[in-house]
Amino acid sequence: MKRLIWTLIAICIALVLAYVSRFWIFNWWGRDGLLGFEALRPQGGLLGRWLRGTPVAPFELVLWVLGGFLILTWVQKIYDWFGPKE
């Protein structure tokens, strides 16, 4: 059961990371945004939108990879902390 919960957490994190990136291909909700929030548009690509007009905008993909790596590292640390002790 614990493995299933952690697998679902990993899938949710992967979906969020994909949604923040420019690689989101799904349109699961309407144009008015997820739950009425216009900032959560159905096309994804939030990171590019947040960085638009800044000097680091050309490095969007690099920042996305580094951020994803950090997030997944933190999740692994949390799993190790709560996981079974050997």
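The largest cavity in this predicted model holds about 30 Å³ of space. With the cut-off set at 30 Å³ or more, the count comes to one cavity. Rolling a probe the size of a water molecule over the atoms is what shows where empty space is left.

As for what surrounds that space, the lining of the largest cavity is made up of Ser21, Arg22, Phe23, Leu47, Glu60, Leu61 and Trp64. Helix H3, spanning residues 60–82, supplies the largest share of the lining, with three residues.

H3 also turns up in a helix pair. Its partner is helix H1 (residues 2–20), and the two pack with axes 11 Å apart at an angle of about 165 degrees. Since angles over 145 degrees count as roughly antiparallel, H1 is therefore roughly antiparallel to H3. As for handedness, H1 and H3 cross in the right-handed sense.

On the H1 side, the contact is made by Lys2, Trp6, Ile13, Leu17 and Val20. H3 answers with Trp64, Gly68, Ile71, Leu72, Val75, Ile78, Tyr79 and Phe82. Taken together, the residues of the contact of H1 with H3 come out as 11 nonpolar, one polar and one charged.

Note on methods: Residues numbered from 1 in each chain as written. Predicted model: local features only at pLDDT ≥ 70, side-chain atom pairs only at ≥ 80, totals over all residues. Heavy atoms only, no water. 1 Å grid on protein atoms, 1.4 Å probe; cavity = no way out; pocket = protein on both sides within 12 Å on 5 of 7 lines; lining within 4 Å. Points joined across faces, edges and corners; volume = space filled by probe spheres on them. Helix = DSSP H or I, 4+ residues; strand = E, 2+ residues; numbered from the N terminus. Axes fitted to C-alpha atoms, helices over the stretch in contact; angles between N-to-C directions. Parallel < 35°, antiparallel > 145°, perpendicular 65-115°, else oblique. Left-handed = near helix turned anticlockwise from the far one by under 90°. Contact = heavy atoms within 4.5 Å. Nonpolar A, V, L, I, M, F, W, Y, C, P; charged D, E, K, R; others polar.
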